[in-house]
Amino acid sequence: MSHTGYETPALIATAIYQGDAQAETVLFERYYKSTLYILERKTGDHQLAQDLCQEAFCIMLERLRSQPLADPDKLAGFLHNIAVNLHIADVRKSGRRKTWPDQELIDRVTDKSHSQYQTLLRDKAAAAVRLLIDSMDNPRDRQLLHGFYIEEKDKDELCAELALSQRHFDKVLFRAKQRFKEFVLEKKA
Amino acid sequence: MITEHDDDQIDRYLNRQLDAAAADAFEIRMMEEPDLLERVQLVEAMKQGLQKSQSTLLTPAPVTAKVMRFPQWIRQPLSMAASVLLATLLMRNILVPTPATVESTGINTVLLLENSRGTATAEFSGAPPYLLQLDAGLGNTANSFAVTLRDTTNNAVVTQLGDLQADADGWVRLIVSEALTGDYVAELSWADAEGAAQTRSFTLNVSP
């Protein structure tokens, strides 16, 4: 969603400092999904990641409302730092949840911004992978996917093993991802 | 737009092969670029899907065939065309004697010229015929390509061929029958979407 007047991180940060409530909503819409994803990867726990993400946004909001950022263009970096520090603190000490005064805003925006794309991926990934595998006629390409994504072998090692150039390797992977995306977006997947 | 380099970074990120600083920088980029985040989620979903289907992945692709009754088969457009072609060939065979076998050319050496080599000279050794395979770039949709191979010692044209097509992976191929020894430049040229002339040069050294 695009909002006029909030095109850059610096405009969002400045507007929040000036008391613009709409800018706070834009902040959530723009960064919540990615911050939650990063925390999910770090914690491996969706519920914990949600808690940490909400906490990170509350800290961010309090900070932006009270004091302008030294480098407002690095808004994402600042938020990332808060999220990572919260995760580190959480690893050290669990059970430190608390209720924040902005809970209502968070709930409203996070419900809305819950990733439809992730839902689509979750629902269609299995069928799309089947279509992807069926569409791969070359056994070497299948071996490449197996070696890279399942055995998690190193790219150089796999290239040597399958007698492939790095460029060919990149192409096979790139094409597989493009096909997978097409199958996910296709109705029949 | 996501590039192959981005994809490489994504794979490294998902495989936790980036160091802490690079991972942080990548995550901040993900926060700033929604397309990158979507691609990461896509690749992650593909990876998880492949892990669940790993037994299928190494199973050879099944050859499926639909059995049709002969009248059904003959009614298909391609079958009809094939039947006409077969009849024509049979007639030709009766009227004009043809050689018993199709002529084929064996390849002794593949000369793979990739753009990733940059300006470095590619070294090859082997006998002719050569399969000269030039990198036109992934996604290059030019209608046709021309290739000129020159001997750099005297700038003589060894071979020149136009109206070549690139395959889906951006490779342009031709067979060179003449024996090569020494330094050469292979020049690949085409017209881009705006009609502007584009060229790519590859230097190579071939020894017998």
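## Two helices of chain A

H2(A) and H3(A) are oblique to each other, and in this predicted model their axes lie 8 Å apart and meet at an angle of about 140 degrees. Helix H2 of chain A covers residues 21–43, while helix H3 of chain A covers residues 46–66. Angles over 145 degrees count as roughly antiparallel and those from 65 to 115 as roughly perpendicular, and the pair is therefore called oblique. The crossing of H2(A) and H3(A) is right-handed.

Which residues of H2(A) and H3(A) make the contact? From H2(A) come Glu24(A), Phe28(A), Tyr32(A), Thr35(A), Leu36(A), Leu39(A), Glu40(A) and Thr43(A), and from H3(A) come His46(A), Leu48(A), Ala49(A), Gln50(A), Leu52(A), Cys53(A), Ala56(A), Phe57(A) and Leu61(A). Sorted by class, the contact of H2(A) with H3(A) has 11 nonpolar, 4 polar and 2 charged residues.

## Chain A as a whole

Chain A has 9 helices and 0 strands, so that its elements, read from the N terminus on, run α-α-α-α-α-α-α-α-α. Of the 189 residues in chain A, 32% are buried. When the contacts in chain A between residues at least 6 apart in sequence are taken together, 62% of these contacts join residues at least 24 apart.

## Where the chains touch

The contact between the two chains takes 37 residues from chain A and 35 residues from chain B. On the side of chain B that touches chain A, the elements that give two or more residues are helix H1 (4–14), helix H2 (20–32), helix H3 (34–52) and helix H4 (54–57) of chain B. Which of these elements gives the most to that side? H3(B) does, with 13 residues.

By class, the side of chain B that touches chain A has 15 nonpolar, 9 polar and 11 charged residues.

## The open sheet of chain B

In chain B, 5 strands form an open sheet in the order S2-S8-S7-S4-S5, and the pairing in this sheet is mixed. S2 and S5 of chain B stand at the edges, and because each has a single partner strand, one side of each is left without a neighbour in the sheet. Neighbouring strands of this sheet are turned by 25 degrees against each other on average, with direction ignored.

Strands of a sheet pair through backbone hydrogen bonds, either parallel or antiparallel. The pairing of S2(B) with strand S8 (residues 197–207) of chain B is parallel and runs over 4 bridges; here Glu123(B) stands opposite Asn205(B) in S8(B), and Phe124(B) stands opposite Val206(B) in S8(B). Strand S7 (residues 182–191) of chain B and S8(B), by contrast, run antiparallel and are joined by 10 bridges, with Ser201(B) in S8(B) as the bridge partner of Glu187(B). The hairpin of S7(B) and S8(B) has 5 residues between the strands, and in this hairpin Gly195(B) takes a positive phi near 90 degrees.

## A glycine in strand S5

Gly162(B) is found in strand S5 of chain B, and S5 is one of the edge strands of the sheet. Is Gly162(B) buried or exposed? Gly162(B) has 11 other C-beta atoms within 10 Å, and a residue with 12 or fewer counts as exposed, so Gly162(B) is exposed.

Leaving out residues up to four places away in sequence, Gly162(B) touches Ser144(B) and Ala146(B). Gly162(B) and Ala146(B) are 16 residues apart in sequence, yet their C-alpha atoms are 4.0 Å apart in space.

## Backbone features in the loops of chain B

Most residues other than glycine have a negative phi, and most peptide bonds are trans. Arg16(B) is found in the loop between H1 and H2 of chain B and is exposed, with 9 other C-beta atoms within 10 Å. Asn155(B) lies in the loop between strand S4 (145–151) and strand S5 (156–164) of chain B, and Asn155(B) is exposed too, with 8 other C-beta atoms within 10 Å.

The peptide bond from Pro128(B) to Pro129(B) is cis, with omega near -5 degrees. Pro129(B) is found in the loop between strand S2 (122–125) and strand S3 (130–135) of chain B.

Key:
Residues are numbered from 1 along each chain as its sequence is written. Chains are lettered from A and ligands numbered from 1 in the order in which they are written. This is a predicted model: local features need pLDDT of at least 70, side-chain atom pairs count only at pLDDT 80 or more; totals for chains, interfaces and linings use all residues. Two residues are in contact if their C-beta atoms, placed from the backbone, lie within 7 Å. Ala, Val, Leu, Ile, Met, Phe, Trp, Tyr, Cys and Pro count as nonpolar, Asp, Glu, Lys and Arg as charged, and the others, Gly among them, as polar. A residue is buried if 20 or more other C-beta atoms lie within 10 Å of its own, exposed if 12 or fewer, and partly exposed in between; C-beta atoms are placed from the backbone. Axes are lines fitted to C-alpha atoms, for helices over the stretch in contact, and angles run from 0 to 180 degrees between N-to-C directions. Angles under 35 degrees count as roughly parallel, over 145 as roughly antiparallel, 65 to 115 as roughly perpendicular and the rest as oblique. A crossing is left-handed if the near helix is turned anticlockwise from the far one by less than a right angle, and right-handed if clockwise. Two strands pair if DSSP finds at least two bridges between them.
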